[in-house]
Amino acid sequence: MTRRKKPPPQRKLQQITDSSGWTHVIKGPPGTVNAGTTGIRLEDGKSTGTKYTLETYLDRFRKHYAPIWQGSDCFKSLSRMFEQDILPAENILITQCVCLGLGSMTAGSESSSYELAALISILEMLGKEHHIQDIVFQDPVFNALDHTILESLGYTVVQSPDAFSKLNGTTFLFAPHLECFHYATALETATPVLSVGSDPQMYVEGLLSSLAESTKKGSRQIFHDFLGKTRSRPMPDFDRTPWCESTCIYWVKSEKDDSGKSKIEEAVRLM
Ligand SMILES: C[S@@+](CC[C@H](N)C(=O)[O-])C[C@H]1O[C@@H](n2cnc3c(N)ncnc32)[C@H](O)[C@@H]1O
């Protein structure tokens, strides 16, 4: 009679909660595996995998995402745009940066890491002319590792909705592909002096149709006012991920821009 081999004992999945309140899923009894290296995390019942630790992410960021972004044609075109249009503009004063909706760099798409590389490069360019004291990030999808990474780079991470009330007329808002409702909330608080974000025209024409009529009207007015107060250029194409698609860079018009416009409006009126 042949004896059936016993299957190897399965290590059971266990949930443990770490000191920061995050729940990790590990195999085996609690304490037998270093939860920090399993890369499986539960937040509000949803699991999100990350293969990174702080050190491995920063290594990947410095050796991969940052150099690819800095060597891209997109960054070269953007740098020229800053040198020609934005840095010389006398009406632009920037004292803080608010980043909304970056997405998780460690458990989301690669776009978020390229966006972070782009944001850092823009901050470096702006640093030639502006003293930017606060750099604040807000995205409800950030996990504990994203927080740690951003804080290790010297930035502040806040919980939603705290970042909205920080916006003012000397803010650089970086919010590529932020959902329409949150974008409108941000622009309703203040008109950022400089922003990178979705073309609001697209929201007005497309995505807004999915919102309630009252919200739609309010948002349309907010976006309309924003477009009236700013000049814009489309973000140059980036070949690695679609983060620049349907995205523009906006900066507030100077009085000169506005008086030029009113002369044209006056001429049209008299025709
Ligand atoms: C369409 S994704 C864009 C992600 C990334 N920026 C990109 O271009 O791929 C929109 C992001 O907005 C974030 N978001 C949702 N509510 C938010 C809020 N109240 N404040 C900031 N970000 C928010 C979402 O979690 C998500 O990461």
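Predicted model: local features only at pLDDT ≥ 70, side-chain atom pairs only at ≥ 80, totals over all residues.
Residues are numbered from 1 along each chain as its sequence is written.

The secondary structure of the chain comprises nine helices and eleven strands, taken as DSSP runs numbered from the N terminus (helices H or I, at least four residues; strands E, at least two). Of the 271 residues in the chain, 30% are buried, that is, have 20 or more other C-beta atoms, placed from the backbone, within 10 Å of their own.

Helix H2 (residues 54-70) and helix H4 (residues 110-126) have axes that come within 9 Å and cross at roughly 65°, the axes being lines fitted to C-alpha atoms over the stretch in contact, with angles running from 0 to 180 degrees between N-to-C directions. H2 is therefore roughly perpendicular to H4, a term that covers angles of 65 to 115 degrees. The contact (C-beta atoms, placed from the backbone, within 7 Å) is made by Phe61, Tyr65, Ala66, Trp69 and Gln70 of H2 and by Ser113, Tyr114, Ala117, Ala118 and Ser121 of H4.

Around the ligand lie 19 residues, of which Gly101, Gly103, Ser111, Ser160 and His177 come nearest; a residue is near a molecule if its C-beta atom, placed from the backbone, lies within 6 Å of it. The largest share of this shell, three residues, comes from H4.

Definitions and conventions:
Parallel < 35°, antiparallel > 145°, perpendicular 65-115°, else oblique. Contact = placed C-beta atoms within 7 Å. Buried ≥ 20, exposed ≤ 12 C-beta atoms within 10 Å, placed from the backbone.
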